[in-house]
Amino acid sequence: MKPLDLLIIGGGMITNDLLLPSGYQLQRTGGVGNITVCARTSARLIALKENPELREAFPDQTFDAMPALTEPPEKIFPDLYLEALEQMPPRQAVIVAVPDQAHYEVVKACLQNNQHVLCVKPFVLAYAQAVELEKLAAVRGLHVGIEYHKRFDRRALVARRQYAAGHFGEFRIGEAKMIEPYYYRHSNFQNWFTCDKTDPFVYVGCHYVDLVYFITGLRPTSLSVSGVKGRFPNGREGYLWSNARIRYENGALLSVTDGLGYPDDAAGSNDQGLLLYCEGPNSSGMIQHDDQDRGVRHSYLEGIGCAGSKYNYVSPDFYRLVPWEGGEGSKPVGYGFDSVAANIEAMTRIETETTGMSEPEALTRRRSMIEEISKKGILATPANSSINELVVEAARLSILNEGAWAEIGYDPAPHVTLRK
């Protein structure tokens, strides 16, 4: 298979922690060609280039930087990604890793420039935008993936298979949580994670909304989200904590608690997990995932753990660098890498299988492959994960109205309204 060139738009935390090392590993193994990272400032790209862990893991690899590293670090290039897209050959791979509120315009620009896209979650903040982008991608025969990597967690895949087989019964009530570290408040979050733009439920609670739908297939029908406001170090106000209550089409309830406040000195890099209670004939079932303490604990001589801590719950499941059997350095492993790799491989497969066809024939085949990917439901696509956009839209409506219940309807067309 001919490798696709990769453009990563955004040089922040997730690019450093997952996306760039995943791209490097795929480049090593022939799945990715040239790699470019485009950010708003050269400072972010310099930090990526100089990251000692990445340099040690991938000693012979680097990326093309936009803007150039020689540009003044204080200079901002807000629209440079458009130039990066214009320079790419058509039908390559782009990963969008920018703040939530910018996803729509950046993904749309990628599709208009005939590029396959993988976007970090949540995809967009309105259902109509998701539908628009899905149609645009279909017209051009382009794959759009959403980086809901928890779908690739083996425990989620096992639960999905066994739930479908009826081994748990029907989901009735549950709870989920994802509390991110306190130190996020001192990061670039304080520049964009404001009350008018997003909140913890939209940012990370969406992972568990998608996961419950992925496992059970049940659609949400209403929700209420309440937030707790606070101020970032730069003085900007944001929702730093949130709690959501989601009602499903079978009457089930899910509570989701999120925040930016897990103690930096605590053992886990965050606090997350899922608990679902189910009912069957004269019995009940349960799905419980502890996604924080996965049974591995390290105590270091120095403070090399999360936020400089010494004692850590170390999750080997999401993303870790381990010795690479293929040569010098290390390789990424975990369901985070698996998710990125599966989406890039889907793009490559689409292009490989249509090489040499006439354009009308190739377009028909691309559309067929994209439809097959969506129907299988493992990779998150706009077609199989749009309930997330409905939930996000309803969540923003609710939290900005002091936790009022928002209704999600599906007939005659999907829509969101505030309960009167």
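H4 covers residues 80-87 and H5 covers residues 103-112. They pack at about 20°, with axes 10 Å apart. Axes are lines fitted to C-alpha atoms, for helices over the stretch in contact, and angles run from 0 to 180 degrees between N-to-C directions.

This is a predicted model, in which local features need pLDDT of at least 70 and side-chain atom pairs count only at pLDDT 80 or more, while totals for chains, interfaces and linings use all residues. Residues are numbered from 1 along each chain as its sequence is written, and side-chain values use heavy atoms, leaving out hydrogens and water.

## The chain as a whole

The protein chain has 13 helices and 18 strands. Both are DSSP runs numbered from the N terminus: helices are H or I with at least four residues, strands are E with at least two. The C-alpha trace spans about 60 × 60 × 40 Å along its principal axes. A compact globule of 420 residues would have a radius of gyration near 22 Å, and the chain agrees with 21 Å. That radius is taken over C-alpha atoms, and the globule rule is 2.2 Å times the number of residues to the power 0.38.

Strands pair if DSSP finds at least two bridges between them. Contact here means heavy atoms within 4.5 Å.

H5 also meets H4. Tyr 81, Leu 82 and Leu 85 in H4 touch Glu 105, Val 106, Ala 109 and Cys 110 in H5. Six of these residues are nonpolar, none polar and one charged. Ala, Val, Leu, Ile, Met, Phe, Trp, Tyr, Cys and Pro count as nonpolar, Asp, Glu, Lys and Arg as charged, and the others, Gly among them, as polar.

## The eight-stranded sheet

A second open sheet has the order E12-E11-E7-E10-E9-E8-E17-E18, with mixed pairing. Strand E12 (283-290) and strand E18 (415-418) stand at the edges, each with a single partner strand. The twist averages 15° from one strand to the next.

Helix H7 (residues 154-164) lies across E7, E11 and E12, at about 165° to E12. Helix H9 (residues 200-216) also packs on the sheet, making about 20° with E9.

## Strand pairs

| Strand | Partner | Sense | Bridges |
|---|---|---|---|
| E1 (residues 4-9) | E2 (residues 32-38) | parallel | five bridges |
| E9 (residues 237-248) | E10 (residues 253-262) | antiparallel | seven bridges |
| E15 (residues 320-323) | E16 (residues 330-333) | antiparallel | four bridges |

Ile 8 stands opposite Val 37 in E2. Ala 244 has Val 256 in E10 as its bridge partner. Leu 321 is paired with Pro 332 in E16. E15 and E16 form a hairpin with six residues between them, and Gly 329 in its turn has a positive phi of about 95°.

## H1 and H10

The axes of helix H1 (residues 13-28) and helix H10 (residues 335-353) come within 10 Å and cross at roughly 60°. H1 is therefore oblique to H10.

Terms used
Parallel < 35°, antiparallel > 145°, perpendicular 65-115°, else oblique.
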